[in-house]
Amino acid sequence: MKPTSITSIMLRAALALCTLSAAAGAQAMQPLSDSMLSSVEGRDGMSFDLSKFAMSGNARYTYYEPGPSGGSAWVGNYHASRSDDPSNEFGDPYRLDILAGTTDYFNLAFPENANGAKRWQAAYDWGVNANGISFEGGSVVVRDAVFYGGGWQWGTPRVGEGFAFGLGLRMEVGNILLRPRGRDDISAVEPASVTEQMNLRGLRIGAVDANGNFTNAPWQIADVRTQPGIFNAVTDSAGNARLHLGIDWPDANGAPLGGLQIDNLSFRSGGGTVDLGSSRIGSMQIQYLDVKFKP
C-alpha cells in the first residue's frame with residue numbers, strides 16, 4: 001500500500017460521502033481500496049496571494065564574529081509591501097509544492113505577473129562594529145521590484161549538511177538605494193534629494209538567448225536537480241568554522257545563460273553627483289561558485 005497523502009485522504013472522504021448519499025441509507029458505508037483511486041492523480045501543495053501585503057517592525061539580526069575580536073554586523077527595522085492589482089485578484093498566486101528529485105524539495109513558484117502590476121517596496125537598516133570602526137544607521141531601500149515567474153527551491157544537499165537551494169529570476173527593479181545616513185535622509189539645501197547615496201536605477205535580470213538578447217524566461221541561477229546551490233558551515237584545517245555559499249557544477253546540459261542590465265548608476269556626496277551611466281552584461285553563466293566567509 002502506498003503512503004497516504006493529504007490529497008488521498010481528501011479524495012477518500014469525498015468519495016465516501018458520495019457513496020453514502022447515493023445509497024440514501026439503503027446500504028452501509030463501504031471501505032474504498034487504493035485500486036479505486038489508481039486513476040486519480042494529485043499533488044500536495046498550496047497557492048496563496050500576497051495582494052495588499054505589508055509588514056514592518058524593529059526586529060534585528062546580529063552576527064558576531066567568533067573569537068576575541070568582538071566584531072559584529074546587524075540588519076534590522078525591516079519593511080516590505082506589495083501593491084494591489086484589482087484587475088487580477090488572486091488570479092496569479094504564488095505556489096508552494098513538494099517535488100521529487102535526487103531528494104524531495106520545496107518549490108516556491110513566483111507569479112507570472114504578466115502586466116507587471118504587482119510591485120514590491122522594501123527597506124532595512126544596517127550597521128557594523130569591527131576593526132575599531134563603529135557605524136550605525138545605514139539603510140538599503142528597494143523601489144518597484146517586479147518579479148516575472150521563476151522562484152525558490154530548497155531541500156537537503158546531496159552530500160554533507162546545510163541546505164541546497166535553487167533560484168530562478170526574471171526581475172526588474174526601479175531603484176536600489178544605499179543610504180549611509182538612513183532611509184529618510186533629505187538634503188537641507190536641496191529638499192528633493194538626499195545628502196549621500198548610491199542609486200542603482202533600472203536593474204534587469206533574466207535569461208538570454210545565444211545572442212545575448214533577453215527572453216521572457218527566468219535565468220535559472222541554481223537548480224536543486226541539475227546545478228544545486230549550497231549554504232552551510234564548514235571547518236578549515238585550523239578548526240575555524242566558516243559560513244559557506246556555493247553553486248555546484250552543472251549537469252551535461254550546461255549552465256543556463258543570463259543577462260544583467262543597469263540603466264544608470266550614480267553617487268551623490270558633498271552636494272555633487274557622479275553619474276556613471278548605464279551598464280550591460282549581455283551573456284553570463286555560473287559554472288561553479290565557492291565562497292567561504294572569513295572568520
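Modeller: A salt bridge here is a side-chain nitrogen of Lys or Arg within 4 Å of a carboxyl oxygen of Asp or Glu. Side chains of opposite charge can pair when their charged atoms come close. The model is predicted: local features need pLDDT of at least 70, side-chain atom pairs count only at pLDDT 80 or more, and totals for chains, interfaces and linings use all residues. Residues are numbered from 1 along each chain as its sequence is written, and side-chain values use heavy atoms, with hydrogens and water left out.

The salt bridge count comes to seven.

Start with Arg181 and Glu196. Their side chains meet in a salt bridge, at 3.0 Å from N to O. Arg181 and Glu196 are both in the loop between S11 and S12, 15 residues apart, and the pair links distant parts of the chain. Strands (E, at least two residues) are DSSP runs numbered from the N terminus. Arg181 has 55% relative accessibility, so it counts as exposed. Glu196 is partly exposed, at 21%. The cut-offs are under 20% relative accessible area for buried, over 50% for exposed, and partly exposed in between, with a 1.4 Å probe and protein chains only.

Next comes Glu172 with Arg204. The closest N and O atoms of this salt bridge are 4.0 Å apart. Glu172 lies in strand S11 (residues 171-179) and Arg204 in strand S12 (residues 197-207), so the pair ties together parts that are 32 residues apart in sequence. Glu172 is partly exposed at 31%. Arg204 is also partly exposed, at 27%.

Strand S11 also holds Val173. Val173 counts as buried because its relative accessibility is 6%. Val173 touches Val142, Arg143, Asp144, Ala145, Gly202 and Leu203, leaving out residues up to four places away in sequence. Contact means heavy atoms within 4.5 Å. Val173 and Phe147 are 26 residues apart in sequence, and 8.7 Å apart from C-alpha to C-alpha.

Arg225 is partly exposed at 42%. Asp223 is buried at 7%.

Now look at Gln227. This residue sits in the loop between strand S13 (219-222) and strand S14 (229-235). Gln227 counts as buried because its relative accessibility is 3%. Its side chain reaches the backbone oxygen of Asp248 at 3.1 Å. Leaving aside neighbours within four places in sequence, the contacts of Gln227 include Ile221, Ala222, Asp248, Trp249 and Gln287.

Last, the surface. Tyr61, Tyr63, Ile98, Phe106, Trp152, Trp154, Phe163, Phe231, Leu243 and Phe293 make a nonpolar patch of about 950 Å². Strand S3 (60-64) and strand S9 (151-155) each give two or more residues to the patch. Patch residues have over 30% relative accessible area and no salt bridge; nonpolar side chains (Val, Leu, Ile, Met, Phe, Trp, Tyr) are joined within 5 Å, like charges within 9 Å. Accessible areas come from the Shrake-Rupley method with a 1.4 Å probe; for residues, only the protein chains shown count as cover. Phe163 is in strand S10 (residues 163-169). Phe163 counts as partly exposed because its relative accessibility is 37%.

Conventions:
Helices (H or I, at least four residues) and strands (E, at least two) are DSSP runs, numbered from the N terminus. A polar contact is a pair of N or O atoms within 3.5 Å; within protein, one must be able to donate a hydrogen and the other to accept it, and residues adjacent in sequence count only if both atoms are side-chain atoms.
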